[in-house]
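Please work through the following exercises on a single protein model. Each task is followed by a stepwise solution.

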Amino acid sequence: MAVAKFGTFFAMLNASSSLRREIAAASVAGLVGGLIIAAAMQERGLTVEVTGLLGLSSSAGGLSLHMLLAALAGAAFGAIFRYQPHSYATTITSGVIFGLLVWIIGPLTLRPLLDGASPTWSTTEAAAAFPSLIGHLLYGGVTGLGFHLLVTLDRRVHPTRPAPAVETQPLKRIVILGGGFGGLGAAQRLEQLDMRQAGLKITLVSQSNYLLFTPMLAEVASSSLEAQHISAPVRAACRRTHFRQAAVDSIDATAKVVRVRTNDSTTVASLHYDHLVVALGAIPNFYGLPGLEEHSFTLKTLDDATRIRSRVLSALERAEIEPDPAERRRLLTFVVAGGGFAGTETVAELFDLARSVRRYYPHLERQDFRFLLVHGGDRILPELGAELGAYALEKLRRRGIEFLLGRRVAGATSDAVLLDDGSEVPTRTFVWTAGNQPNPLLKTLPCEQNRGGQVVVDGTLRVQGLDDVWAVGDCAQIPDPYNEGQFYPPTAQHALREGKVVAENIVAALRGESLKEFRFRTIGTLVALGHRTAVAEIYGVRFSGLVAWLMWRSIYLSKLPGMERKVRVTLDWALDLFFPRDIALTSSVSPPAESAGPKRLDDRSTREPATTSGEERMKT
């Protein structure tokens, strides 16, 4: 046992030493990059005062301050991006992106503040600071390349010493089903804990090899964001986890075996586990309504969002040349069912998309368009309270979006939405966000489930009635100790923290220690309403309008996984301020039935359930 503890301590010490060496190498690389910039400026007859690294240099000692900032920025680069063997191109690209961020933080933000002005990030300010942009990009690229070369050289000269041999113990196999917020959070926390608890083999199974950041999914459907920019690769986020892209075929809790099937394959593989984490998420629920699954679009995946975008743009193309006024009206009528977060944001984003690109369709008038939201309740966004719900309703109505409150969808056809009062709404585009259900695979588990199909867990996230099986996220009913008799909502802010707690409890169970009860108070909720407007409630304080919209963008941007994704989304938003939405149709429009959720078996806990089933949301 003493030998095992010494081996674990040595591994932690070695990892810490490796990080320090990487930061030191990045600092040296940043210093070299700063020297190159200074030399280039002197060659052009410029001074460091003009284009210092952060725009903070002064005429007195400008070069010294410039070099100090260059070294510190290089150290920050090494701490953030870390070393990736055989990936010099990726490291250089990361360096260039880092240089762009330094330019935005320095000359565009800090320099105006020091001059006593408020940064506006306008085109005038950007043009004035543009001469330093090339220098910052050069600095970032040189820093990235130098960092990679120095760390590679250091590892060849000082190869990592293997940890002392420890007592051989069987690996503890942890299998996680689902690559959503809960599953990924569990895997990341287990990787951290494995530094102190050696002998864990972590396997994550998901049909998609990325984590989808669903709060921005509606913006993909409206062509405001690129689809790839809101998805973080699982392999990059969990480097020490064995990832398997596959669908879950069955779970044998008695034999402790999960059978998975690789996508488009008939071969079934068996994964044995010591502990199983179920994070299979939820899928759309059509409640058996006639024609709904076949003739509606859902908004749960990137494919769903891109299909909706293609359908809207295709409808505009067809309407532009359609001679029949009735059919043109049908093509330009867009119906969304569900007045929760997903439905409200979707109808607002589709309205903004049509408004942005209408200039390209000279035969379409503003009055030709119709945007309609159908909701069974008496007000939209019931989770936010009456005041903010009324504000959102009034804002959207002023723009021309129609609402049918207190009405429910009874069915759908290829050219109409059927309502419960017997009336019809002619349309070719119908988006369904008003129903959600746990993954059907959960019904095969021999454990207690609630009426909605969620597995019942105790406060420690252990599934009741099954040994060594845990559940988090949309598929689990988790008691809320702060509200007796109530359960935590299926939101991403909860799922992320549930994943971390379940990882800690698994390790505690392996050590024979006491388990921790999951406790968390909801931080808040943000909902974008399009047109630079939003509503938000943070710790009970309510915000609306432009302030809430800025909060929405800044908070969600900070939570987007990975620096690269943050930069790409920021650039997408910046372009959206100055240019109309992209109208290029690069793929054919698939029928709605091809994107229907119930055909998916494993997870895609994309975390966008709708109002009638306890709507899920990232919130904050």
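The model is predicted, so local features need pLDDT of at least 70 and side-chain atom pairs count only at pLDDT 80 or more, while totals for chains, interfaces and linings use all residues. Residues are numbered from 1 along each chain as its sequence is written, and side-chain values use heavy atoms, without hydrogens and water.

**Exercise 1.** Determine how H15 and H16 are oriented to each other.

Solution. Step 1: helix H15 spans residues 546–559 and helix H16 spans residues 563–578 (DSSP runs of H or I, at least four residues). Step 2: the two pack at an angle of about 155°, with axes 9 Å apart; axes are lines fitted to C-alpha atoms over the stretch in contact, and angles run from 0 to 180 degrees between N-to-C directions. Step 3: angles over 145 degrees count as roughly antiparallel, and H15 and H16 are therefore roughly antiparallel.

**Exercise 2.** Identify which residues of H15 and H16 meet.

Solution. Step 1: contact requires heavy atoms within 4.5 Å. Step 2: Trp552, Arg553, Leu557 and Ser558 in H15 meet Lys566, Val569, Thr570 and Trp573 in H16. Step 3: these residues divide into four nonpolar, two polar and two charged.

**Exercise 3.** Find the partners of Phe371.

Solution. Leaving aside residues up to four places away in sequence, Phe371 touches Phe334, Val347, Leu350, Phe351, Ala354, Gly400, Ile401 and Glu402.

**Exercise 4.** Is Ala434 buried or exposed?

Solution. Step 1: Ala434 lies in the loop between strand E16 (429–432) and strand E17 (436–438). Step 2: its relative accessible area is 11%. Step 3: buried means under 20% and exposed over 50% (1.4 Å probe, protein chains only), so Ala434 is buried.

Methods
Angles under 35 degrees count as roughly parallel, over 145 as roughly antiparallel, 65 to 115 as roughly perpendicular and the rest as oblique. Ala, Val, Leu, Ile, Met, Phe, Trp, Tyr, Cys and Pro count as nonpolar, Asp, Glu, Lys and Arg as charged, and the others, Gly among them, as polar.
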